[in-house]
Amino acid sequence: MQALATTAYAISSTLNLDQVLRLLAEHAFKLLEVEAASIGLVEGDHLVYREAAGAAAEQVKGASIEVGQGIAGWVAANNQPALVPDVSADPRFYPTMDQQTGYRTRAIASVPIEIQGRVIGVIEAINPLKRRFDSETINLLTSLASLAGTAARHHHRHRTAVDRRTAAGAASL
């Protein structure tokens, strides 16, 4: 619980969405003791990986898949978590990311990031180091996803307020 409080404090200290996503990916990576963690945001009909921590992080950032494609895409399309202890046995697994990065995914836990019931992204943990993924993994990822959704909503409100002030200032010229 202390770890979540620390994460919440860290992300509440900034309105910079990229910084928040980076902090969340890093905290998921450390708290869940996994080889990798990533966050993808829905952009149109694609899930674009905006942040990652751990193995192959730099190759994953900026990569995209279609919503509905792969396990993370399925999570985004269905607004449901997925806990997959063996991706080779799951037909939703999309091996192209592994092929592009040279990384080998064995297990995935993934949950949607929502704002008011609408999926805006996915946070996932890959390959646990010490134990198998379980319901506690999903609970922790869900808590992190909730923080991500709140941060995204605050970022959007802040941008809207800044844009209104800028437009009002331009109109008064």
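Predicted model: local features only at pLDDT ≥ 70, side-chain atom pairs only at ≥ 80, totals over all residues.

Helices and strands are named here as DSSP runs, helices having at least four residues and strands at least two, and they are numbered from the N terminus.

**Cavity**
- The structure holds one cavity of 30 Å³ or more, and the volume of the largest cavity is about 300 Å³.
- The lining of the largest cavity comprises 25 residues, of which Tyr49, Met97, Thr105, Glu124 and Ile126 are the closest to its centre.
- At least two lining residues come from each of β1 (34–43), β2 (46–54), α3 (57–60), α4 (70–78), α5 (96–101) and β6 (118–128).
- Sorted by class, the lining of the largest cavity has 18 nonpolar residues, with five polar and two charged ones.

**Sheet**
- Six strands form an open sheet in the order β3-β2-β1-β6-β5-β4, and their pairing is antiparallel.
- β3 (64–66) and β4 (82–84) are the edge strands, each of which pairs on one side only, while the twist from one strand to the next averages 20°.
- β1 and β6 run antiparallel and are joined by seven bridges; alanine 37 stands opposite alanine 125 in β6.

**Helix α2**
- Helix α2 (residues 17–31) has 15 residues and reaches 21 Å from its first C-alpha to its last, close to the 21 Å expected at 1.5 Å a residue.
- The buried residues in α2 include Leu17, Val20, Leu21, Leu23, Leu24, Ala25, His27 and Ala28, and just after α2, glutamate 33 adopts a positive phi of about 50°.

How values were computed
Residues numbered from 1 in each chain as written. Heavy atoms only, no water. 1 Å grid on protein atoms, 1.4 Å probe; cavity = no way out; pocket = protein on both sides within 12 Å on 5 of 7 lines; lining within 4 Å. Points joined across faces, edges and corners; volume = space filled by probe spheres on them. Nonpolar A, V, L, I, M, F, W, Y, C, P; charged D, E, K, R; others polar. Expected span 1.5 Å × (residues − 1). Buried < 20%, exposed > 50% of the residue type's maximum accessible area, 1.4 Å probe, protein only. Pairing = 2+ DSSP bridges. Axes fitted to C-alpha atoms, helices over the stretch in contact; angles between N-to-C directions.
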